[in-house]
Amino acid sequence: MKIHPLITTTAALTELCERLAKADFVCVDTEFMRENTYWPELCLIQIADENEAAAIDPMAKDIDLAPLLDLLVDNEDVLKVFHAGGQDVEIVYNLTGKTPHPIFDTQIAMMAISQSEQIGYSNLVESWLGLQIDKGARFTDWSRRPLTERQIEYAIGDVTHLAKIFPKLLKRLIKTGRGAWLDIEMEKLADPANYKNDPTLAWQRIKASGRNPAMLGRLKALGAWRELEAQDKNIPRGRIARDETLADIASHPPKTQADLAKVRGLSAGWKDNEIGKRLMQTLADSRPLTDAELPPRTPRGAPLGKEGALVADLLKLLLKIRSREIDVAARLLARSEDLELLAAGVRELPLLDGWRYEVFGKDALDLVEGKMAFAVVNGKLRMSRVEAAEE
């Protein structure tokens with residue numbers, strides 16, 4: 001495979017992308033920093049097909065990334081391959097308002113052909129290629145220039161190894177006949193809605209007890225206010241205020257700006273500065289949530305009364321058995337919290353839809369409804385069907 005020198009000009013990038021546009025697939029990775037910023041700072045982009053690979057410096061003076069971004073989001077003929085690519089996709093979305101498409105994530109694919117739960121890149125390379133990755137450059141400050149040859153070599157390895165692994169993984173996947181499963185999962189990964197940052201929805205990520213409309217209305221307003229403050233200053237939202245602090249303010253709103261000095265987690269200076277003034281105005285302008293906006297009530301207690309927790313444990317046991325039987329990561333079939341909801345009587349769940357229902361959900365539902373039972377056969381735990389539920 002040909003490895004190009006670090007690309008720092010639009011002309012070199014355009015030539016590379018013109019060739020890659022004819023490939024069946026390209027492997028993509030990014031290096032970024034986000035510890036001190038709200039928006040991830042893109043520092044390096046690596047890309048490879050089966051014949052060539054390069055690292056691109058987005059911080060180079062006057063470089064225009066348009067040829068690369070067009071390849072990633074507008075060229076439907078080239079498959080874009082990532083490993084654990086959620087944050088890489090987010091960066092592309094932030095730059096273009098679109099996501100790479102069509103897309104393939106090798107971490108998700110591994111869950112469909114093995115019991116590997118979120119396998120790391122190093123383990124993937126060792127498993128498929130028998131190579132040990134030098135992790136020395138893993139904690140590099142990728143924003144510093146100039147980059148060393150070792151740093152660039154390390155970064156490009158993330159896509160050159162992936163370009164060798166992907167065809168092998170694809171062959172294994174085709175043999176299992178589970179490609180249709182992954183088509184659905186990859187479309188979810190590429191859904192722009194996953195990356196759209198709507199400040200008015202930020203409150204939904206904050207843990208708060210109760211369903212009081214006025215309290216949640218204040219939390220919604222505070223969540224949006226914090227997002228906009230953090231975006232404007234380009235700093236992590238937690239540096240404006242932590243989740244617990246916003247939840248506390250929403251539950252016990254200060255009567256005056258001076259009271260902010262008593263709020264745990266806020267600087268005493270907020271009692272008379274501009275950001276404190278904006279927070280108080282946000283509280284004043286907040287409105288209670290409407291009935292339609294209120295989060296749904298989570299069913300408490302399973303249909304079997306106090307046995308509900310045991311039912312959930314049985315579902316988790318069934319999940320382990322099925323995962324082992326078909327050699328699929330349990331996480332791909334169902335989440336623990338969904339099993340608990342199923343035991344509690346909820347029926348609108350991902351595991352009861354599509355391929356998950358056929359592979360696991362149907363038996364899980366039968367177990368809850370008394371149509372399945374566990375049995376020990378030759379020293380091994382097995383599932384067996386029963387004619388009718390016992391009284």
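Tutor: Start with a definition: a cavity is a set of grid points where a 1.4 Å probe fits but cannot get out, and a lining residue has an atom within 4 Å of such a point. The model is predicted.

Student: Which residues line the largest cavity?

Tutor: Thr30, Leu42, Ile45, Leu68, Leu69, Leu72, Ile91, Val92 and Leu95. By the definition, each is called lining because it has an atom within 4 Å of a point. Strand 3, helix 2 and helix 3 each give at least two residues to this lining.

Student: How many cavities of 30 Å³ or more does a search of the whole structure find?

Tutor: One. The space in the largest cavity is about 50 Å³.

Student: What makes a pocket a pocket rather than a cavity?

Tutor: A pocket is an open set of points, whereas from a cavity the probe cannot get out. The largest pocket here has a volume of about 770 Å³. It is lined by 27 residues, and those closest to its centre are Asp29, Thr30, Glu31, Tyr154 and Asp158.

Student: Which elements each supply at least two residues of the lining of the largest pocket?

Tutor: Strand 2, helix 3 (86-96), helix 5 (121-129) and helix 6 (149-176). The largest share is that of strand 2, with six residues.

Student: What is the order of the strands in the open sheet?

Tutor: The six strands follow the order 1-4-3-2-5-6, with mixed pairing.

Student: Why are strand 1 and strand 6 called edge strands?

Tutor: Strand 1 (2-3) and strand 6 (103-105) each pair on one side only. Strand 1 is joined by two bridges to strand 4 (residues 52-56), and the two run parallel. Within this pair, Lys2 is opposite Glu52.

Student: Which strands does helix 1 touch where it packs on the sheet?

Tutor: Helix 1 (residues 10-20) touches strand 2 (25-33), strand 3 (41-48) and strand 4, and its direction makes about 140° with that of strand 4.

Student: What places the buried residues of helix 1 on the same side of it?

Tutor: The residues concerned are Leu13, Leu16, Cys17 and Leu20, which are buried. Their arc around the axis is only 95°, and therefore they lie on the same side of helix 1. An α-helix has 3.6 residues a turn, so residues three or four places apart point the same way. The buried residues of helix 1 pack against strand 2, strand 3, strand 4 and helix 2 (66-74).

Student: What joins strand 7 to strand 8?

Tutor: Six bridges join strand 7 (residues 372-377) to strand 8 (residues 380-385), and the two run antiparallel. Val377 is opposite Lys380. Their hairpin has two residues between the strands, and Asn378 takes a positive phi near 50° there.

Student: Why is Gln118 called partly exposed?

Tutor: Partly exposed lies between buried, under 20%, and exposed, over 50%. Gln118 has a relative accessible area of 44%, so it is partly exposed. Gln118 sits in the loop between helix 4 (106-113) and helix 5, and has a positive phi of about 50° although it is not a glycine.

Student: Where is the cis peptide bond of Pro102, and in which loop does Pro102 lie?

Tutor: The bond joins His101 and Pro102, with omega about -10°. Pro102 belongs to the loop between helix 3 and strand 6.

Technical notes. Residues are numbered from 1 along each chain as its sequence is written. This is a predicted model: local features need pLDDT of at least 70, side-chain atom pairs count only at pLDDT 80 or more; totals for chains, interfaces and linings use all residues. Side-chain values use heavy atoms; hydrogens and water are left out. Two strands pair if DSSP finds at least two bridges between them. Helices (H or I, at least four residues) and strands (E, at least two) are DSSP runs, numbered from the N terminus. Contact means heavy atoms within 4.5 Å. Axes are lines fitted to C-alpha atoms, for helices over the stretch in contact, and angles run from 0 to 180 degrees between N-to-C directions. Buried means under 20% relative accessible area, exposed over 50%, partly exposed in between (1.4 Å probe, protein chains only). The arc is that of the directions from the helix axis to the C-beta atoms. On a 1 Å grid over the protein atoms alone, a cavity is a set of points where a 1.4 Å probe fits but cannot get out, and a pocket is an open set with protein on both sides within 12 Å along at least five of seven lines; lining residues have an atom within 4 Å of a point. Grid points are joined across faces, edges and corners, and a volume is the space filled by probe spheres set on the points.
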